[in-house]
Amino acid sequence: VQLQASGGGLVQAGGSLRLSCAASGRTFSRYAMAWCRQAPGKGREFVAAIAWSRGDTRYADSVKGRFTISTDNAKNQMYLQMNSLKPEDTADYYCAAGRILTSVPTHYDYWGQGTLVTVSS
């Protein structure tokens, strides 16, 4: 399984970014996919997850109403649309895949490299 995250960058507070995660190496219809983030000096934090086939979603309270997770099954892509960004959203963002839809980062089996999101105040 290979996951490739992209789309990070520098944005002002209140702005938007869309992260992408390209998935390959498996049939992902039975997988759950997630975005997690890690700020400097902090542990890895759950952001959002989606069941690839059913479309069920979960969000961290800190991003509800601002972030939207989605997939494009035909392209094997996952996205994270981030709106109303805040400086506290600054972190490396990672995409992950696993068998269970969960908000616990360690329950995901496969990880991509991070893409850095920096939100300036």
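Colleague: Which residue stands opposite Tyr79 in β8?

Modeller: Ser70 stands opposite Tyr79 there. This is a predicted model, in which local features need pLDDT of at least 70, side-chain atom pairs count only at pLDDT 80 or more, and totals for chains, interfaces and linings use all residues. Residues are numbered from 1 along each chain as its sequence is written, and side-chain values use heavy atoms, with hydrogens and water left out.

Colleague: What makes β7 and β8 a pair?

Modeller: Strands are DSSP runs of E with at least two residues, numbered from the N terminus, and two of them pair if DSSP finds at least two bridges between them. Strand β7 (residues 67-72) and β8 are joined by six bridges in the antiparallel sense, so they pair. Six bridges also join β8 to β3 (residues 17-24), again antiparallel, with Arg18 opposite Gln81.

Colleague: Why is Gln113 called partly exposed?

Modeller: Its relative accessibility is 32%. Buried means under 20% relative accessible area and exposed over 50%, with partly exposed in between (1.4 Å probe, protein chains only), so Gln113 counts as partly exposed. In strand β8 (residues 77-82), five of the six residues are buried.

Colleague: How do you know that Gln113 has a polar contact with Ala5?

Modeller: A polar atom of the Gln113 side chain lies 2.7 Å from the backbone oxygen of Ala5. The cut-off for a polar contact is a pair of N or O atoms within 3.5 Å; within protein, one must be able to donate a hydrogen and the other to accept it, and residues adjacent in sequence count only if both atoms are side-chain atoms.

Note on methods:
Helices (H or I, at least four residues) and strands (E, at least two) are DSSP runs, numbered from the N terminus.
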